[in-house]
Amino acid sequence: HRRSAGRRPTSAGAPASKVVARFGAAPRRRRRQGPRRLAAVGAPEVHHRAHREIRWYKRPSTLRRLSPAVYVVVAVVACSDEEPRPAAISVASAAEVGLVPQSSKIVGHDGGRSATLFGHSVWIYGDTFLSVSDDAGRNFHSNSFAWMDDLDPFSGSDPSHGLSDFAERLDGHGAPTTFFPFTAEEAAYNQAHAADGARWALWPLAMTFDAPRARALVFFEIIDAKPGAWNFHGTGRSLAIWSDFDGSAIRPVDKLFAENEPTYGEAAAIDGERLHTFACAGGGIDEASCTLARVPLASVEQRATWEFWDGVAWSSNIASARPVLRAGSGLCVFRREGVWIATYARPLGNEVVARTASSLTGPWSDEVLLFVADRRGHDGWTYDAYPHPELGPAGGKSLFFGYTRPTNGLFASETVLVRVDLR
């Protein structure tokens, strides 16, 4: 399951019935010429990927086969696209400020993206392990959600009290419900395979609020999960529309993007009258290359109206999309004081970083370190460090992030809240 080594493992929810609140040797002189030449051509700071390429070419066995002229060409090629671009933000301090309240009915969950939806801070989680069984007799959901209204929790007379309790919807057995509805076919399949563990799962992705139409737009991935660890794969991505806070989200289209297409929905933002979203490919031990798509808000569910940035202009051909950004796990994009900020965790690590840009198409800045997630000695890495830009006073200099880390107990976890103060 996906929670192993940094991810926790990945049932059908039931209609809401009530709402319950709160709860070695020195190198010879010639071998040092590479960095000097780089400084001479105006690249005093080099992106970490370029550094790795240069170190490879500095291996003695390689240098013996390269003339100085070839060495310079190699170095310049490695760094030609890595001119320093300072970020538009800088960090003054960062610190844990507490834990995000979690219902006693939940053992642990991952994810935890949030946005202001219908005037509430709504948090949608991924895999959720329950301490009680739901109406279908299951104690595991592939998603869940909760909300609260304390959007400025660290101000006022008692700035240390932290986030207030969350509210959540419960089913007839008192179990938290899922956010995304299953289709009739998905629900029937899950019920038929309750004994062997095969199931359809719906994992939440980016979300945003379409204010003119008073509706939330929430991307999700459709997962075909089979019994056994790591035995799952994505079969496509789509978009849910939530128009009534007291009701359920709907799925107006089966899949917007098929299994063999870019994974749009990683991050989402509204700019003008269009919804924009990123898809990231590659990655692994290195950052992924991310492309950008957009669609008029009035026709988000109509695939024919989507466009893709080809590096110069918008195109209706999805195959023409070209990368605009490199990012790691948990990419999120939001705007603060006219600047676009992209945040994510570096691959296979615990460093949470940001890039900035004046346009979603870039160019994006170099990374700036925001904070290092503390896993308290637990193995793995941080993959779900998400910003919560709705928290804090408007125009303030603080950003809040949440990420999960394991605790004692099978599938148990807690969500840590971090405050990053900008200069």
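These notebook entries record what I looked up in one predicted protein model.

**Ground rules.** I number residues from 1 along each chain as its sequence is written, and my side-chain values use heavy atoms, with hydrogens and water left out.

**The whole chain.** Of the 423 residues, 50% count as buried, where buried means under 20% relative accessible area, exposed over 50% and partly exposed in between (1.4 Å probe, protein chains only). The chain exposes about 18500 Å², of which carbon and sulfur atoms supply 52%; accessible areas come from the Shrake-Rupley method with a 1.4 Å probe, and for residues only the protein chains shown count as cover.

**Sheet β18 to β21.** I found an open sheet of four strands in the order β18-β19-β20-β21, paired antiparallel; two strands pair if DSSP finds at least two bridges between them. Which strands stand at the edges? They are β18 and β21 (368-372), each with a single partner strand, so one side of each has no neighbour in the sheet. The twist averages 25° from one strand to the next, with axes taken as lines fitted to C-alpha atoms (for helices over the stretch in contact) and angles running from 0 to 180 degrees between N-to-C directions. Inside this sheet, β19 (residues 339-345) and β20 (residues 351-357) run antiparallel and are joined by six bridges, and alanine 345 stands opposite valine 352 of β20.

**Loops beside these strands.** In the loop between β18 and β19 I noted glutamate 337, whose phi is positive, near 50°, in a residue other than glycine. Glutamate 337 is exposed, with a relative accessible area of 54%. The loop between β20 and β21 holds proline 363, which a cis peptide bond with omega about 5° joins to glycine 362.

Five bridges join β12 to β13 (residues 274-282) in an antiparallel run, and aspartate 271 faces arginine 274 of β13 as its opposite residue. The hairpin of β12 and β13 has two residues between the strands, and there glycine 272 takes a positive phi near 70°. On to β14 (residues 288-296), β13 pairs in the antiparallel sense over nine bridges, and histidine 276 has arginine 294 in β14 as its bridge partner.

**The second largest pocket.** How much space lies in this pocket? I read about 530 Å³. A pocket is an open set of points on a 1 Å grid over the protein atoms alone, where a 1.4 Å probe fits and protein lies on both sides within 12 Å along at least five of seven lines; lining residues have an atom within 4 Å of a point. Of the 23 lining residues, the closest to the centre are Ala115, Met207, Thr208, Phe334 and Pro389. The elements giving two or more residues to the lining are β3 (106-117), β8 (199-210), β12 (267-271) and β18 (329-336). By type, the lining divides into 16 nonpolar, three polar and four charged residues, counting Ala, Val, Leu, Ile, Met, Phe, Trp, Tyr, Cys and Pro as nonpolar, Asp, Glu, Lys and Arg as charged, and the others, Gly among them, as polar.

Methods
This is a predicted model: local features need pLDDT of at least 70, side-chain atom pairs count only at pLDDT 80 or more; totals for chains, interfaces and linings use all residues. Grid points are joined across faces, edges and corners, and a volume is the space filled by probe spheres set on the points.
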